[in-house]
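Thanks for coming, everyone. Please look at the screen, and I'll walk you through one structure.

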Amino acid sequence: MKKHIFMAYVVMSLIGLLVVSGFSYWSQSTKASVAMQLIEAAEATEASITDIEHRTSLRLASLSTAKEFLSLGHEWSGILGIPSARAVTAEGEQLIYQTEGKVGQTKLQIRLIGVPEPHNISIYLVISLEGKRIHAQDIERAYEKVVDKTKSRGLIPQFSTCIRGIYNDTLSDGWQEARINKVFALLQAQEVERLQDESVTSISGYTTQWKPYIITNDQKMNVQVATHVDSLNQLTRITLGTPIITAEY
């Protein structure tokens, strides 16, 4: 079965390049309502929502040494209230500091990435919050806390949101498209582009309901919905993302 994978670090890099000035900051109340709008639109098509994820990638000030990198990791662990990692690991030439903890019922993970340059180490911070649909309100509260903490450090987080769910049947291409079209209608979104094969239907679009957007092929885009037939488990998966999906679907 053909798989379409949008790796988070690649997508976040693209967002950084394509993002427009209107995407500078999503307020806490707006972001929460966007997540719930996605959930409610999907559930209106009889999808059972299972998982919710918020993710952001931030460029931090450069450092000089691996020791400073580890100290910065400990600092951010403390800021976000999760356990510190004991050591820095390596992925190729990159330095990695990774740790996670729980904020209520929400899993909070940070990943600090150090990219060696000729005279310093460029630093990137990826923060993700994940949880189940049943804990949606808890996830939003955790999200708000993270936004407050990052803002207090003089940073402006640009979060993406990913919602996952299932239909308890293997839907044909036509039924997949019909479910996505209903989501788009509820979100008052217009189609921008699509990808479709024997098992996957993915449609991206733009809605004026939300101010933030990215530019793709000279068009505004801020929502993506994809369905994927899982024949092995006899069901169809649905993934919704804003401004785009940043995970496998």
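Start with Phe 159. At 2% relative accessibility, Phe 159 counts as buried, because buried means under 20% relative accessible area, exposed over 50%, and partly exposed in between, with a 1.4 Å probe and protein chains only.

A quick word on the source. This is a predicted model: local features need pLDDT of at least 70, side-chain atom pairs count only at pLDDT 80 or more, and totals for chains, interfaces and linings use all residues. Residues are numbered from 1 along each chain as its sequence is written, and side-chain values use heavy atoms, with hydrogens and water left out.

Now, which ring pairs with Phe 159? Tyr 143 does, in an edge-to-face pair, since the centres are 4.9 Å apart and the planes stand at 75°. The rule for Phe, Tyr and Trp rings (the six-membered one for Trp) is centres within 6.5 Å; planes under 30 degrees apart are stacked, over 60 edge-to-face, the rest tilted. Tyr 143 is in helix H4, while Phe 159 is in the loop between H4 and strand E6 (160–167), 16 residues apart. Helices (H or I, at least four residues) and strands (E, at least two) are DSSP runs, numbered from the N terminus. Tyr 143 is buried too, at 1% relative accessibility.

The structure holds 2 aromatic pairs. Tyr 213 is buried at 17%.

Next, the strands. E6 pairs with E12 in the antiparallel sense, over 7 bridges. Pairing takes at least two DSSP bridges between two strands. Gly 165 has Ile 238 in E12 as its bridge partner. How many residues of strand E12 (residues 235–242) are buried? The count is 7 of 8. Strand E11 (residues 223–230) also pairs with E12, antiparallel, over 7 bridges. E11 and E12 make a hairpin with 4 residues between them, and Gln 234 in the turn has a positive phi of about 55°.

Last, the core. The largest nonpolar core has 27 residues, and Leu 60 and Trp 76 have the most contacts inside it. Such a core is a set of buried Ala, Val, Leu, Ile, Met, Phe, Trp, Tyr and Cys residues joined through side-chain atoms within 4.5 Å. Helix H3 (66–80) and helix H4 (136–152) are among the elements that each supply at least two residues. A second, separate core of 24 residues includes Ile 52 and Val 183.
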